[in-house]
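Let's take a friendly walk through this model, from its pocket to its ligand and its aromatic rings. Here it is.

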Amino acid sequence: MIIVFLGAPGSGKGTQASRLAARRHMVHLSTGDLLREARARGTPLGRLAAEHLDAGRLVPDDLVAGLVAERLNEGDDFLLDGFPRNISQAARLDDLIREAGQTLAAVVFFEVPEGELVRRLVKRARSDDTPDTIRRRLHVYAEETAPLIAHYEDRGVLRRVAGVGDIEEIAARVARAVGDEGEALTWPLPALD
Ligand code: AMP
């Protein structure tokens, strides 16, 4: 079973993905983390990705899809955080899911007002979060990633979650949003701590 987390940079999807993946024993695949790690290790892929990461642009679809393809398998449950990022990656994901004998259970979309996103990104200020890259990343999100909301809504798999408030509150909303996925998930859920 595969759950996709969709949201703008700063929407909190990474934080919530770590929590849900740990609680439900899912493999957390963050393409942003994998790319930053590859860059830090200086691998060939990391070197190819570096200029895109630094500019706040999307890394080419083939590179990112390759990272996901290498890791998907039939036996585990996966939480995809940051992939797909555009319509063509969504089509790639459909192929990868089919090849891996998996199913797409839900796409959780984190709704956060833009002003709040900017506040969070400025506060977080990772190495790829300079004012210019923040602006670029939000623009890329609006142009390329936001169309995925309607795409998955049309397919009936989109679950909207309000991404504002405290982390525990949001985690409870996420748990409710993915709470009816059947026995593929671990029941009963441990209490929210
Ligand atoms: P994130 O940590 O998900 O915000 O991603 C950080 C950066 O990694 C993005 O600004 C992109 O440059 C790159 N990245 C992450 N996921 C993808 C993806 N699915 N496709 C293309 N680039 C990506």
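## Terms and basis

Ala, Val, Leu, Ile, Met, Phe, Trp, Tyr, Cys and Pro count as nonpolar, Asp, Glu, Lys and Arg as charged, and the others, Gly among them, as polar. The model is predicted: local features need pLDDT of at least 70 and side-chain atom pairs pLDDT 80 or more, while totals for chains, interfaces and linings use all residues. Residues are numbered from 1 along each chain as its sequence is written, and side-chain values use heavy atoms, leaving out hydrogens and water.

## The largest pocket

The lining of the largest pocket has 13 nonpolar, 18 polar and 15 charged residues.

## Around the ligand

A polar side-chain atom of Arg 137 lies 2.5 Å from a ligand oxygen atom, and one of Arg 85 lies 3.1 Å from a ligand oxygen atom.

## One aromatic pair

The whole structure holds one aromatic pair (ring centres within 6.5 Å; planes under 30 degrees apart are stacked, over 60 edge-to-face, the rest tilted). Phe 5 and Phe 110 have ring centres 5.0 Å apart and planes at 65°, so the pair is edge-to-face. Both are buried, meaning under 20% relative accessible area with a 1.4 Å probe, protein chains only.

Terms used:
Phe/Tyr/Trp six-rings, centres within 6.5 Å; stacked < 30°, edge-to-face > 60°. Buried < 20%, exposed > 50% of the residue type's maximum accessible area, 1.4 Å probe, protein only. Polar contact = N/O pair within 3.5 Å; in protein donor to acceptor, adjacent residues only side chain to side chain.
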